Amino acid sequence: MVVVVHPALRIRSAAAACMIGADASAARQARRRRAWRRVRPPSMSIAVALLVTTTLLLSVAVGFVLFAGYRIAQLNTTELVRARSEFLISSVAERIRAHLDPVQAQLEFLAAQMEREDLDLRHPEKLGDRLLASLAAVPQESVVAFASPELQVLRAFRNRPDTPLSINDWREDPGFEAAMGQAAVATGPFWGELYVTEGREMPFINLFVPVRRDGEFIGALIAGVTTAELSEFLGMLAGSQMRPFILYGPNSVLAHPDLTEGFPGLSNEHPLPDLDELGDPVLARLWSPDPEFKSERGSTFTNDAVSARIVQVDGESFVFLLQELAGYGQQPWIIGTYLPVEVAAPQLDRLTHLLWIGGLVLLVGLGLALLIGRSLSQPIRELAEEANRLRELNFDAPPPRLRGMFRELNEAAAAYDAMVGGLRLFATYVPRSLVRRLMRQGSPKAITSVEREVTVMFTDIAGFTTLSEHLPATEVATFLNHHFTLIDRCVEATEGTIDKYIGDAMMAFWGAPGSQPDHAERACTTALEVARVLRLDNEARGAQGLAPVQVRIGICSGRAVVGDIGAPSRVNYTVVGDVVNVAERLEEHARGVGRPDDAVTVLLAEGTVALIGDRFPIRSLGHQELRGRRERIEIFHLDTGDDAR
């Protein structure tokens, strides 16, 4: 069978197919628009966007210039500072060698004479003259001696005009016997152990020079140099800012400008004072594990010869320059000096000017970006505000003042005016109440709160008006900040929540937001801690001639509403209920309770006492009236420890 289709039906079918295709295409475009709206990035303020963009561009440009300039200047300055540090500490080392090496040279010269001539203890007069001449030639020596292998010692003294020479038998001294044994096998001069003379509490460093004749050991020349002379020498090197020193090992002070008169309590077992004993607070922190030691600035002074450490003492930074000096004792000497960082390297501080200039340029650029951004965002913000008012169909508001130097804003103003005109026409035909109702759907949900059992505390400074009426506003603010800091620490220690500060008063509570079954105990513990802290603070104020601070505290426990209270635009997590009023009234009522000199007076409500039981020292004050309340309540006084004074 053959089916014949009328041409008109073919035309209608084609038209229907075209319409279906068009509808499908429109549907796909609508889905794409909805998908684009779903993935559209969040909006951003023009001022913020411009500020962020400008910040990035300026930061990259200015940062690169600053980094390059500062890095080059830092490298040059660092090399200069290192050279200066090496010169400074090397000059101290050279001066010390110049002070001690002549002693060794003089003894070696005298030993050479004794090897050629018959100078020994069998001719004490002639040998004594040579020893006295040695003292005259080298003023660093305090005493010079010759010791025979039999431990017979001839000594010549510098400061004994009546008895400049003496012969002693030191065979009973095991330390000296060991030193002579070392001299007998030594191939050259060596510095022996330190010793302290009896009655002088003055340490000596000893130089031993073995004397041989025809290869046979015939004795040793010994020179003693007091550390006081080294300290006097360092005192001459010291300036108003620089303090040189010599350490014998890491912890013993061999010489220091403060040791010119010796040091009390020294002995052969303890011949030198320790770092902590000397009384130099900066030197005492030399080896302290302070994080400041790890700062990169300390490496500025470091090179192959000199090491550096940076410490902070009482807020001031000091740099130690150290160098090890070998060859003058059984332990290495550490020579060093310290001085303020700004004196050691003033060039480093000058480099900060470069950073300040670059930072200023960056701030100026950011300020201009912010100014331009605000000039753009302010009119647009006004347009948004006007649009929100228009949302309420308020056509009486004046149009936004958008017209100005920006063409796009002028076009937006013209479009807004046209939209207002169209909405006026729309409101002519549609009831405004219906439009407002439709537009208001989807408002924020109401703010909810919960009812819980809490403990509330109020504190207030007694006589604060009298205390602060003669103080400048800045001092009053400083006083309150200090006072609230003390109380804040006490509250945080018991995990309380500070609700607000009201002038010189404070409100805090326990039991929320987290569960605290012992909220009443925490509040009482806090009150006792506040009393203890304020007593200590009043002692410090009394030492400064200031009047003591007295505080009244009211504490109440009970049911209250806790949560976010306020408008949707601004809420406050707080406590609302009669328990708050009672705590505040108890704090006011404490004005007439307690002794005049009590640091803290604490009153408790009967609800709080029921929760704490007998765990705190309390006494009942009976049933009394509180301001603004009709019913009398039983009030309790918490003993803060002032009664025990």
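Strands E16 (residues 551–567) and E18 (residues 600–605) run parallel to each other where they pair, with five bridges between them. Within this pairing in the predicted model, Gly554 has Leu603 of E18 as its bridge partner. E16 also pairs with strand E13 (residues 449–461), this time in the antiparallel sense and over 13 bridges. Here Glu451 sits opposite Val561 of E16. As a rule, side chains in a regular strand alternate between the two faces of the sheet.

Turning to the nonpolar cores, the largest one has 40 residues, and the members that touch the most others are Ile96, Leu100, Ile205, Leu221, Leu254 and Trp333. Helix H2 (residues 46–116) supplies the largest share of this core, with nine residues. There is also a second, separate core of 35 residues, and Met457, Cys490, Val551 and Val600 are among its members.

Back in the largest core, Leu221 has quite a list of contacts beyond its sequence neighbours up to four places away, including Leu107, Leu110, Ala111 and Met114, as well as Phe146, Leu207 and Phe208.

Another residue worth a look is Ile335, which belongs to strand E12 (residues 333–340). Ile335 counts as buried because its relative accessibility is 0%. Leaving aside residues up to four places away in sequence, Ile335 touches Ile89, Val92, Ala93 and Ile96, and its other contacts include Phe245, Ile246 and Leu321. Ala255 is 80 residues from Ile335 in sequence, yet their C-alpha atoms are 9.3 Å apart in space.

Definitions and conventions: Residues numbered from 1 in each chain as written. Predicted model: local features only at pLDDT ≥ 70, side-chain atom pairs only at ≥ 80, totals over all residues. Heavy atoms only, no water. Helix = DSSP H or I, 4+ residues; strand = E, 2+ residues; numbered from the N terminus. Buried < 20%, exposed > 50% of the residue type's maximum accessible area, 1.4 Å probe, protein only. Contact = heavy atoms within 4.5 Å. Core = buried A, V, L, I, M, F, W, Y, C linked by side-chain atoms within 4.5 Å. Pairing = 2+ DSSP bridges.
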